[in-house]
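Hi,

Here is the structure I said I would send over. Have a look at it first, then read my notes below.

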Amino acid sequence: MASYRGIDVSNWSGRINWRDVADSGVEVVIIQASEGTFYRDPYLQEFYDGATENGLKVGFYHFFNPNSSGTPAQQARYFVDTIRGLHSDCKLVLDLEQTGGLSNYELTKRAVEFLEEVKLYSGLDTAIYTYAYFAEHNLYNGLGISDYPLWIAQLREGGPLPNQIWGSRHAGWQYSDTGRVSGISANVDLDIFYDEMFLNDRGNIPGERRQESDNNKVIYYTVQSGDTLSSIATRYGVTVESLASINGLSNPNLIYPGEVLKIYPENNRNIVNRGKVEFSSTYIVRLGDTLSLIAKRFNTTVNDLVELNDIANPNLIYPGEILKVPTVGNEDSKSSSARQYIKTYIVQRGDTLSGIARKFNISVDRLAEINNIQDVNLIYPGQVLKIETSRIYKDDNKRFKGLYVVQNGDTLTSVGNKFDKKLDELVKDNDVISSDLIHNNQVLKI
């Protein structure tokens, strides 16, 4: 059975040099197109053009939102309308990662309705993406879902384990979500695809190609002490209902400092051509910050920050908002795709790079290299650092509901109680050496 080296990308992948990607040996790219009935990835067309112009096979996926106001059939048509006029080498993919509080039976029923409608509306075959834990615990073994090819995510050596729906059958395997590929500054999902993932003939999605005029940019916001979902919704001009739906919040009155929320502003913004701006790190806005201060801090310009983050008003940023920060130069193209960045750390006032390096048992030089730091004596509170570990992460990273930033006074036990998570699971999931060793503003997977 033939196999193909692949990646999957979305707006968070940053600027991509597709020539370098193709030269690295990647053969297939699957691009996020849409989510629910409210979001189209603003860089879909750019990624499609770059990939096809450099000879890569392409495919598309839709992130299924169980709580979306649209029915499964409406989400299916929204997906197909988003990619109309384009060509696909791969079967059109449903990305299924959230239950939305639905039973296994009801969620599986809606997923099958979506897949059937996509095929009916586009004339092309479909496939499903999910992760091993989700397939084993959140899907119903029936209704015909096992008839669809499976692209499975399981971050382990030796291939994915069997599950109750598909057994050992799979058409694709995502084996890392922290890979490094030449031409992409950010971490990237790494995949292996097999023949069953591809259409028999390259498919043309019916209709006229969409124009890049309806950007729904994504804002990532870290909940602050005193925040409510209502206050966040008011700040960004969205509804509480949409915030709860998009982030899978069953109780809108229950959010915690450190939670990271996705926000899709309802007033669409014109797409900004990102030109040569690229990024390799992120920064969480702090009280008193301005774009000009952040630009000076990271040796960049306000215009580059505006361009990279699609900011409509440069004078309007909020504490807790997560900004992409442009790089000074390209990252080392020789970075190994097997390298794992499974920790992040937010720099605190008084931190030094040497102190952080000692805390996480890594060398200062290596810490500077993987975070593209030019001056090891110059780091800033709020800067988000990647922490490298040589340990291969063997658990199911895709099952995590979100991220939590450790607050002053937190213990791993108190965090576990907040999110109904067992202490030993938090220790294992976050590669914590001791349950007593967590640091203020360390980012935990929940």
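Let's start with Asp89: leaving out residues up to four places away in sequence, Asp89 touches Leu56, Lys57, Val58, Phe198, Leu199 and Arg202. You'll find Asp89 in strand β5, which covers residues 87-90. Is Asp89 buried or exposed? Asp89 counts as buried because its relative accessible area is 16%, and the cut-off for buried is under 20%. Keep in mind that this is a predicted model.

Next, have a look at strand β9 (residues 172-179). Seven of the eight residues in β9 are buried, so the strand is mostly covered. β9 has strand β8 (residues 150-153) as a parallel partner, with three bridges joining the two. In that pairing, Ile152 stands opposite Trp173 of β9. β9 also pairs with strand β10 (residues 188-194), this time antiparallel and through five bridges. There, Gly172 stands opposite Phe193 of β10.

Now for a loop. Asn54 sits in the one between α2 (44-53) and β4 (57-63). Its side chain makes a polar contact of 2.9 Å with the side chain of Arg19. Setting aside neighbours within four places in sequence, Asn54 is in contact with Trp18, Arg19 and Ala22.

Finally, the surface. Tyr105, Tyr140 and Leu143 make a nonpolar patch of about 270 Å². Tyr105 belongs to helix α4 (residues 104-122), and it counts as partly exposed because its relative accessibility is 40%, between the cut-offs of 20% for buried and 50% for exposed.

Cheers

Conventions: Residues numbered from 1 in each chain as written. Predicted model: local features only at pLDDT ≥ 70, side-chain atom pairs only at ≥ 80, totals over all residues. Heavy atoms only, no water. Patch = residues over 30% accessible without salt bridge, like charges linked within 9 Å, V, L, I, M, F, W, Y side chains within 5 Å. Areas by Shrake-Rupley, 256 points an atom, 1.4 Å probe, with all protein chains shown as cover. Salt bridge = Lys/Arg side-chain N within 4 Å of Asp/Glu carboxyl O. Helix = DSSP H or I, 4+ residues; strand = E, 2+ residues; numbered from the N terminus. Buried < 20%, exposed > 50% of the residue type's maximum accessible area, 1.4 Å probe, protein only. Polar contact = N/O pair within 3.5 Å; in protein donor to acceptor, adjacent residues only side chain to side chain. Contact = heavy atoms within 4.5 Å. Pairing = 2+ DSSP bridges.
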